[in-house]
Amino acid sequence: MLTLMTTKPTTKPTVKTVTFLILGAGGDLTQRLLLPGLGSLLAVEPERDVRVIGADRADLTDASFRSLVGDRLKQGGASAATARKVSGKARYIKADLLDPSALTDLIAAAEGELVIYFALPPAISMKVSAELEKLDLPAKTRLGLEKPFGSDQTSARRFNKQLQRVVGEDRIFRVDHFLGVSTVLNLIGLRFANRLLQPVWNSEHIERVEIIYDEDLALEGRAGYYDNAGALRDMLQSHLLQILAIFAMEPIASLDPQELADLKAQVLRATSIWDGDPQTYAKRARYTAGSIAGRAVPSYAKEKGVDPARGTETLAQLTVQVANNRWSGVPFVLRSGKALGAARKQIIVYFRDVPHLPVGFVGDHTGDAMIIDLKPGRVSFKLSMNAEGDPLDLEQKTLTAELANAQMTAYGEVLRYLLDDNQLLSVRADTAELCWKIVAPAIKAFEEDRVPLQRYKAGSDGPAGWLSADSVAIGATDTGASDLTGSRGARDKTKAARPVAKLAKSPGA
Ligand SMILES: O=C1O[C@H](COP(=O)(O)O)[C@@H](O)[C@H](O)[C@H]1O
């Protein structure tokens, strides 16, 4: 196993006291992601002094909240002693979050630096921040926010302006847990630490890029949120465009939050739907009843809380262009969906064919690619090599290396940066707005029914023909099964699973 890169903390663990005030502490997000995420952070940095205050309308008591905090911290990996230490100091304050005097009391209860986390629906977050604007907040107060950041470019801008009236942009942390995935930071290391890769990271050598996040999970009881969002807003507008921005950005000089945000914004400003044609380059589909790994999955339209008439898509695919000197002419295909047969979370970089193959060689020398698996972190190179036996007969072998596993959950990583007042992993206001601008023509085309809502069976690979043959073949191949030497056994397995991969010359609509 070859370790390519580990994610290094940008700051050393500190023992400053930080109050983590969770607005909406009774909700699903707090229990499912935030507290376990904090637990995973405390597993690595148990010396942190984090004071958790939960606030909500729900009738919880200090005691019941402490027990919830303790359980969830342990679930995230914190030791029993650390969980006891943090949960023992946790407090629950029942509050109407739109009442200024209740907010004043919550703020007064804070010790040390204050982080206010909005685990609330966006409309409520907007109202609460309007109330916070009227209050005196302690110096260094930071706001943590969950997506969606608005529902279009205009509302995102309005929300950003509202938040910036509470604290400066340098204290606003828009959380995208994909930016906490170590693999994304590893992507920067992989590209910029390797002489081999740096010169080829452009349209001269790269023919197409796909960023795929197919999930084998279905709705998981989230109709209330998801049926109003759909795959395009839920995943492409946010997470996948963030990954694209990091992948495609110009060289970065240091892991400076401002510089990273500037470079990401530069990419996103140049990004738009391929040919400005959402009818051809935006696709949507919805799952029907099926089964995934032996588990029966009802049709999306029959899921509890879904309004079938809304036409919400559970799979979306968008081809975009980055119209700049580096990427002109290279299609970036973004795709994500639910209830697919296999979880596939990859960035695939397809390299162009060599201009000339020495006369005399035969066999498969096309389809060279780099595959970055996001979960678990892994990088594979599909390369043409001389075959065993007849050395003139080329074939493709896959060389795979594990990326270092994250020390903590993605939420743990973004919380670490938030608690440490480091904006490296947060989404800046302008990039949040730009992401809405990029997808707006596709959203409009979906709403006006100019893009047909296709169907796919839960447990399938999605509608046929969306991805090119080479992409389907890579998806069917477990890149991790190959090894660095490309032994005959591994190669045979790869070959059996994969038809000869020929690059499609179309943008992959
Ligand atoms: O933000 C979201 O992300 C998850 C996928 O992320 P993962 O880290 O849980 O794999 C997605 O299922 C969800 O719909 C979306 O809101």
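**Close-up 1. Gln237 is a buried residue, with a relative accessible area of 7%.** Here "buried" means under 20% relative accessible area, with a 1.4 Å probe and protein chains only. This is a predicted model, in which local features need pLDDT of at least 70 and side-chain atom pairs count only at pLDDT 80 or more, while totals for chains, interfaces and linings use all residues. Residues are numbered from 1 along each chain as its sequence is written, and side-chain values use heavy atoms, with hydrogens and water left out. Gln237 sits in helix α8; helices are DSSP runs of H or I with at least four residues, strands are runs of E with at least two, and both are numbered from the N terminus. Which residues is Gln237 in contact with, leaving aside neighbours within four places in sequence? They are Leu232, Ala432, Cys435, Trp436 and Val439, where contact means heavy atoms within 4.5 Å.

**Close-up 2. Helix α8 has a kink of about 100°, centred on Gly230.** The bend at a residue is the angle between axes fitted to the seven residues ending there and the seven starting there. Most of α8 is covered, with 22 of its 26 residues buried.

**Close-up 3. The largest pocket takes up about 1,200 Å³.** On a 1 Å grid over the protein atoms alone, a pocket is an open set of points where a 1.4 Å probe fits, with protein on both sides within 12 Å along at least five of seven lines; lining residues have an atom within 4 Å of a point. The volume is the space filled by probe spheres set on the points, which are joined across faces, edges and corners. Look for Leu29, Arg32, Leu33, Arg222 and Tyr411, which lie nearest the centre among the 44 lining residues. Helix α8 (223-248) is one of the elements that supply at least two lining residues, but α1 gives the most, with 7.

Close-up 4. Strands β17 (378-386) and β18 (393-402) each give two or more residues to the lining, and the largest share, 5 residues, comes from β17.

Notes. Buried means under 20% relative accessible area, exposed over 50%, partly exposed in between (1.4 Å probe, protein chains only).
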